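Colleague: I would like to go through this model with you. Please put it up, and I will ask as we go.

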Amino acid sequence: MNDLKSFMETVILRLESEGRYGTAHVYQSTLNAISQYWHSKQKGTMKLDKVFTPALLQGFERYLLENMLSMNTVSTYMRMLRAIYHRATKERRIKWKQGLFDTVYTGVRADTKRALTPGHMGNILVARQTLPSLREAQSWFVLLFLLRGMPFIDLARLRKCDLHGNTLIYKRQKTGRVITVNVTPEAMRLINQLANRNPRSPYLLSILPDNPRTQDTNGFGSREEYRLYQAILRGFNRKLNELSRRMNLGEKLSSYTARHTWATTAYQKKCATGVICNALGHSSMKVTETYLKAFEQKEIDRTNRMIISYIKKEAEKGCKNQYPTAIIL
């Protein structure tokens, strides 16, 4: 099994068997993209030693950019290939090549604003005039924020046995890391309001629908559960954008906005990056830093405007006496 397609399909099946359908989906998308590129240039099997070369990876990157994919999508595909490459070298299916991925983009751009201002987040927390059709989405969004920016997939899949008094102990869907969250009184009120009342259901909240066959292939942790979640997520994001429009926030909302808002607010209040990293359950500080880059850029831009404003005022003072015909920006 020294061809990329067979090797990646084995990894994808393993991820699905572990219930990591989201990660498996990203690997499958990567395989689809590089397969399309490979067959557009040549025919035959995608041998590992033919795929993992600087020339092919750089060509694949150009192909993605020419097809108008974003830099973050390009990076995602490259990082998935890098992970596969590491697996293949670990299993000695291919020899290690130093710096193979150094010439392609594997970073994360933070050029999309995802965090709300404290004022806008506060408005969502206290708003009581929301349309009935949007109240549930508003409650979910607020709860995500109150639970330290919990990802929506983790909120939806919380089990009743994960709540111990006023403490949640759960495993992150994305990384498998065990997270402990102290549930504040505000969050507990929402949990009680959104609680799943069916005694046979494993779910803590009424986000995912109950399935009477919770122990079979259509139940908790199944592919069908993941598909249901994706449909609910799309509806949730649509309602969040409608909520933003109704409240005149002027911001595009998604389920991840609450997470980014929690992180940037903590950073703005001088919380250490390491504390934010642990609170969000990130696998490394680098992941946390990508959350905070957009906020840092905003602060840099604000500082630049402040400096320009100051210099303009000083220039205006001097020009009134010395250079009456000077042009002031």
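Colleague: In which loop is Met68 found?

Modeller: This is a predicted model, where local features need pLDDT of at least 70, side-chain atom pairs count only at pLDDT 80 or more, and totals for chains, interfaces and linings use all residues. Residues are numbered from 1 along each chain as its sequence is written, and side-chain values use heavy atoms, with hydrogens and water left out. Helices are DSSP runs of H or I with at least four residues, strands are runs of E with at least two, and both are numbered from the N terminus. Met68 sits in the loop between helix H4 (54-66) and H5.

Colleague: What is the phi of Met68?

Modeller: Most residues other than glycine have a negative phi. Met68 is not a glycine, yet its phi is positive, near 65°.

Colleague: Is Met68 buried or exposed?

Modeller: Buried means under 20% relative accessible area, exposed over 50%, and partly exposed in between (1.4 Å probe, protein chains only). Met68 has a relative accessible area of 73%, so it is exposed.

Colleague: What phi does Arg92 have?

Modeller: Arg92 lies in the loop between H5 and helix H6 (118-126). At 79% relative accessibility, Arg92 counts as exposed. Arg92 is not a glycine, but its phi is positive, at about 60°.

Colleague: How are H2 and H5 oriented to each other?

Modeller: Axes are lines fitted to C-alpha atoms, for helices over the stretch in contact, and angles run from 0 to 180 degrees between N-to-C directions. The axes of H2 (residues 21-41) and H5 (residues 71-90) come within 9 Å and cross at roughly 100°. Angles under 35 degrees count as roughly parallel, over 145 as roughly antiparallel, 65 to 115 as roughly perpendicular and the rest as oblique. H2 and H5 are therefore roughly perpendicular.

Colleague: And how are H11 and H12 oriented?

Modeller: H11 (residues 257-268) packs on H12 (residues 273-280) at about 155°, with the axes 10 Å apart. That makes the pair roughly antiparallel.

Colleague: How many disulfides does a search of the whole structure find?

Modeller: A disulfide here is a pair of cysteine sulfur atoms within 2.5 Å. Cys271 is partly exposed, with a relative accessible area of 33%, whereas Cys277 is buried at 6%. The search of the whole structure finds zero.

Colleague: How many helices and strands does the protein chain have?

Modeller: Of the 329 residues in the protein chain, 39% are buried. The chain has 13 helices and three strands.
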